[in-house]
Amino acid sequence: MAKPAIQTLSSPQDRALEASRQVALVVGATLFVALCAKVRIFLPFTPVPLTAQNFGVLLVGLLLGSRRGFAALVLYLAEGAVGLPVFNQSATGLLGIAQILGPTGGFLMVYPFVAFLAGYVFERGRKSFVRAAIAGLLAEILLFAGGLTWLFVFTHSLARAAYLGLYWFLAAEVIKIMLAAGIANRWRKGAVKAQ
């Protein structure tokens with residue numbers, strides 16, 4: 001009796017349905033990050049806005065895992081590169097691929113790797129709030145390493161790059177990490193109860 005059930009689960013229709021579900025999750029994740037990008041505060045002394053966009057990237061990585069999170073953020077960058085309004089509005093007025101190559105582009109370029117790292121760390125071992133927070137912290141370190149490196153290319157000064165892209169954002173990043181970790185942990189607990 002168990003044998004027909006296994007055959008039913010591996011039918012072409014079931015595989016197509018599962019593939020469609022995975023694609024919908026990835027596309028939905030890009031829309032979520034795009035919505036988060038619209039929540040922003042421009043600071044007058046830096047081209048880097050304070051935005052919920054990287055909170056979205058963290059949450060996508062934590063909830064979808066490393067591979068789907070990476071795929072979602074690669075798709076997100078492709079959507080932005082062709083001019084879809086998925087990125088936050090640039091303080092410099094740049095759009096599309098110019099925004100990716102502009103002063104804040106380093107943050108954008110590492111988004112797939114940030115989501116991958118957050119998902120990778122959270123997938124391994126016991127899933128808990130602490131593990132999700134550590135995954136978020138490591139991912140944020142990677143995010144700022146990429147963003148500040150790119151700002152350094154524009155400013156030729158590490159101190160100036162840190163002034164423009166780090167100091168003003170630290171407190172907000174701690175809040176984003178904790179919020180993303182809390183949501184991921186709660187989501188995981190809900191998924192376990194549903195099974």
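How many salt bridges does the structure hold? The structure holds three, a salt bridge being a side-chain nitrogen of Lys or Arg within 4 Å of a carboxyl oxygen of Asp or Glu. The model is predicted, so local features need pLDDT of at least 70 and side-chain atom pairs count only at pLDDT 80 or more, while totals for chains, interfaces and linings use all residues. Residues are numbered from 1 along each chain as its sequence is written, and side-chain values use heavy atoms, with hydrogens and water left out.

| Salt bridge | Closest N to O |
|---|---|
| Arginine 21 and glutamate 18 | 3.2 Å |
| Lysine 176 and glutamate 173 | 2.9 Å |

Arginine 21 and glutamate 18 both belong to helix H2 (residues 12-37), three residues apart, about one turn of the helix. Helices here are DSSP runs (H or I, at least four residues), numbered from the N terminus. Arginine 21 is partly exposed because its relative accessibility is 44%, and glutamate 18 is also partly exposed, at 36%. The classes are buried (under 20% relative accessible area), exposed (over 50%) and partly exposed in between, with a 1.4 Å probe and protein chains only.

Lysine 176 and glutamate 173 are likewise three residues apart, in helix H9 (residues 170-194). Lysine 176 counts as buried at 10% relative accessibility, and glutamate 173 is buried at 5%.

Glutamate 123 is partly exposed at 31%, as is arginine 124 at 37%. Helix H6 covers residues 111-123. The expected span of a helix is 1.5 Å times one less than its number of residues; for the 13 residues of H6 that gives 18 Å, and the end C-alpha atoms are 18 Å apart, which agrees. Buried residues of H6 include Tyr111, Val114, Ala118 and Phe122. Glycine 125, which follows H6, has a positive phi, near 80°.

Helix H8 (residues 158-165) has Ala161, Ala162, Leu164 and Gly165 buried. Seen down the helix axis, these buried residues fall within an arc of 165°, so they line one face of H8; the arc is that of the directions from the helix axis to the C-beta atoms. Their cover includes helix H5 (105-109) and H7, where contact means heavy atoms within 4.5 Å.

Alanine 145 sits in helix H7 (residues 129-155) and is partly exposed at 40% relative accessibility.

Definitions and conventions
Helices (H or I, at least four residues) and strands (E, at least two) are DSSP runs, numbered from the N terminus.
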